[in-house]
Amino acid sequence: MAFVDDLGAALDKTPGGGIILTSLDAVMDWSRGKSLWMMPMGTACCAMELIAASFSRFDFDRHGSIPRPDPRHCDVMVVAGTITRKMAPAVQRLYDQMPDPKWVIAMGNCAVSGGIFYYDTYSVVRGVDEFLPVDVYLAGCPPRPESLQDAILRLREQVSTDSIAPGKSRKLTSPLPAPGSARRGEPPVGGGDAG
Amino acid sequence: MNINELREHLCSEYPDLCPLFSVEFGDGVLVVEAKRLHDAASDLRDLGFDRLGMVTAVDTGDEFELVYRLQSREMHAGIFVKARVPRDTASIASVTDLWPAANWQEREVYDLFGITFEGHPDLRRILLTDDWVGHPLRKDYEDDRIIRRPDYI
Amino acid sequence: MTEQTIVNIGPSHPSTHGVCRVVVTLDGEIVTHAEPIIGHLHRGIEKMAENRTYLQVVPLTDRLDYVGSMYANWAYCRAVERLAGIRVPERAEYIRVIVCELQRIASHMMGIGSTGADTGAFTAFMYAFAQRDHVVELFEALCGARLTYNYVRPGGVSMDLPEGWVEQCRAFTAQHPSAMLELDRLLFGNVIARARLKGVGVLSADDAVAWGASGPTARGSGVDWDLRRDDPYSVYPRFDFQVPLGENGDSYDRARIRLWECVESCKIIDQALDQLEPGLVKAEGLPRLLAPRPGDAYDHIESARGSLGVYLVSDGTPRPYRMKVRSPAFCNLALLPLLAEGHTLSDLVVILGSLDPVFGEVDR
Ligand code: SF4
């Protein structure tokens with residue numbers, strides 16, 4: 001993305017470039033947000049829900065989020081499951097292989113903090129944020145497939161604030177929507193009858 | 001075959017194993033000396049215990065107790081064979097030559113307890129990384145990465 | 001001898017069904033040696049159990065075999081009951097049988113489905129998963145969880161069947177066998193799947209016994225051994241069911257047996273629902289804090305992967321002194337080097353899938 005970064009920085013400095021920059025940002029963010037291909041880093045129980053999420057009943061693909069086993073194709077890594085000390089280097093390596101820009105969703109209590117394996121164990125890494133930058137934390141043991149969809153939608157919101165010019169990304173003003181407010185342009189994610 | 005028949009059978013075929021046989025919670029238990037374990041296991045295998053279900057160990061403080069569970073399809077019976085080895089020279093004969101199933105199971109016991117199995121073809125760590133220090137299932141295992149769970153009871 | 005190539009598969013690879021690494025030595029495309037490297041999901045559950053009370057260990061057992069959580073729950077509870085001398089009410093035993101047979105269906109659907117995915121029949125995976133989703137919904141209605149149930153507890157089950165559950169369950173078992181026949185035609189009648197599965201990874205009956213294989217892996221080779229029938233526990237002797245057996249011991253037989261086991265499970269569920277009487281679902285007068293007398297106990301059940309045993313040692317305190325899980329997937333996976341030798345690299349994937357390992361249980 002070096003070229004785009006340079007372009008962004010150059011536009012930012014050019015008089016009148018700001019307008020082009022914002023339009024470019026809008027296009028980039030729109031396209032990125034609608035095709036967040038995910039790297040399913042499923043290691044344990046949560047991986048089952050990750051599989052369920054992309055199958056016919058919950059149909060993840062409709063959000064443009066297609067699971068790809070190859071890190072080179074992916075934008076977002078979904079860490080679903082317990083990460084042990086033996087596994088952590090492999091996760092790190094796969095993350096490094098993903099092209100920028102990239103995001104991480106920590107799915108399930110284990111990936112968030114170690115969860116049920118926080119105490120007394122000698123081999124579990126307490127949360128994937130010990131070695132990866134996590135964008136969305138998703139609690140639950142395991143989280144339901146709908147929560148994973150919600151996490152992807154949250155991530156899309158976050159992606160929509162990105163700018164290609166360094167240092168120009170906006171902050172999400174309200175990370176938590178008011179209770180009951182449906183998100184813009186998205187059908188509400190249903191309960192058991194979502195499929 | 002129930003436990004009592006198993007005991008009679010064992011007593012008639014292998015009189016020297018009989019005094020070592022007891023029944024605990026409905027299971028037959030054979031406690032042998034560590035150096036006789038391999039012989040006892042091979043006798044039992046000849047008797048029809050054709051499956052090695054499990055190999056594990058228990059840290060009892062100053063000794064390790066090795067626990068083998070054998071199963072016989074023909075007799076529909078299971079039996080425990082136990083042997084104790086001292087903690088500082090924890091080593092016992094491998095039964096991989098009798099049941100290949102012991103291969104991975106003994107590696108696991110070696111990994112988590114640090115008990116060596118003589119005659120094992122490939123004794124390496126299996127679950128933990130090769131450079132791991134210590135054997136976690138020992139009661140005196142120390143690791144500063146462990147956070148003890150607070151006592152609620 | 002030609003030059004050997006060493007290829008590393010995993011630990012994160014779509015075809016290893018979890019976090020397994022296989023180091024394969026290849027001569028051209030032929031596997032000369034395949035060594036599984038496990039332990040990437042070793043979470044130390046056995047060590048953790050030593051610092052929990054007997055009841056607090058139950059949720060940990062859920063996380064062992066996460067495709068079939070009920071089994072580990074049940075095996076552990078049986079060991080505790082044996083140790084503490086608890087008698088389980090009859091209704092609870094029936095409910096346990098029903099949920100475990102449902103669990104077998106859910107678990108086998110995953111196993112068959114991934115065999116389909118490995119052989120390129122992804123549609124079959126979708127069909128199988130739809131059946132699994134029905135079961136998961138039944139479980140959700142039962143205990144609120146889709147995956148980690150924590151339902152079977154020492155002394156019984158955590159709660160009674162909700163209203164209308166029996167009818168839902170009957171509706172499921174009524175449609176399931178025909179769905180299985182459809183899946184059989186779709187997957188095992190498919191020329192490509194047959195070509196990929198038949199004669200691949202042949203396991204002889206003697207090897208299966210010597211290597212401690214159990215469950216569909218052993219039965220695929222014709223080893224007639226099913227704990228539900230041969231070491232009967234709970235109320236299984238009251239049901240009439242068959243144990244499907246394979247003839248050739250290849251991947252095809254191992255995978256297809258799972259399908260017929262699901263049909264048999266439906267029969268067991270129907271009979272159990274017929275015989276279900278009202279009553280208690282949990283033993284009465286259990287102490288809040290179980291502290292069984294010192295000693296050790298072992299119990300095993302037939303899980304979807306084979307004989308799953310739990311060995312418990314008590315020292316009289318409210319916490320287990322030692323817990324060991326005899327994991328069928330661990331023993332079955334040890335067969336991989338034996339089975340894969342001489343086959344092509346793409347067949348290795350099929351063989352690994354036909355052993356249906358779940359790494360939560362392999363590594364514990
Ligand atoms: S969060 Fe819970 S369900 Fe998910 S991997 Fe961890 S233990 Fe399993």
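Asp230(C) and Arg229(C) form a salt bridge, with 3.1 Å between the closest N and O atoms; a salt bridge here is a side-chain nitrogen of Lys or Arg within 4 Å of a carboxyl oxygen of Asp or Glu. The model is predicted: local features need pLDDT of at least 70, side-chain atom pairs count only at pLDDT 80 or more, and totals for chains, interfaces and linings use all residues. Residues are numbered from 1 along each chain as its sequence is written, chains are lettered from A in the order in which they are written, and side-chain values use heavy atoms, without hydrogens and water.

**Salt bridges**

- Over all chains, the structure holds 42 salt bridges.
- Arg229(C) also pairs with Asp224(C), at 2.8 Å from N to O.
- Asp230(C) is buried at 11% relative accessible area (buried is under 20%, exposed over 50%, partly exposed in between; 1.4 Å probe, protein chains only).
- Arg229(C), at 34%, is partly exposed, and Asp224(C), at 38%, is partly exposed too.
- A network of salt bridges links Glu101(C), Arg104(C), Arg219(C), Asp226(C), Arg228(C), Glu261(C) and Glu302(C).

**Chain B with chain C**

- The contact (heavy atoms within 4.5 Å) involves 46 residues of chain B and 47 residues of chain C.
- About 4000 Å² is buried between the two chains, 56% of it on carbon and sulfur atoms; buried area is the accessible area (1.4 Å probe) that two parts lose on being put together, summed over both.
- Between chain B and chain C there are 5 salt bridges.
- One salt bridge joins Asp296(C) to Lys82(B) at 2.4 Å, N to O.
- Asp296(C) lies in strand S6 (residues 295-302) of chain C and Lys82(B) in strand S5 of chain B, so this pair joins two chains; strands are DSSP runs (E, at least two residues), numbered from the N terminus.
- Both partners are buried: Asp296(C) has a relative accessible area of 10%, and Lys82(B) one of 4%.
- Glu35(C) and Arg124(B) meet in a salt bridge at 2.6 Å, N to O.

**Chain A with chain B**

- Here 9 residues of chain A touch 15 residues of chain B.
- The buried area is about 1100 Å², and carbon and sulfur atoms give 63% of it.
- The count of salt bridges between chain A and chain B is 0.

**Confidence**

- Chain B has a mean pLDDT of 81, with 88% of its residues at 70 or more; pLDDT is the predictor's confidence in each residue, from 0 to 100.
- Where pLDDT is low, the predicted coordinates should not be read in detail.

Technical notes
Helices (H or I, at least four residues) and strands (E, at least two) are DSSP runs, numbered from the N terminus.
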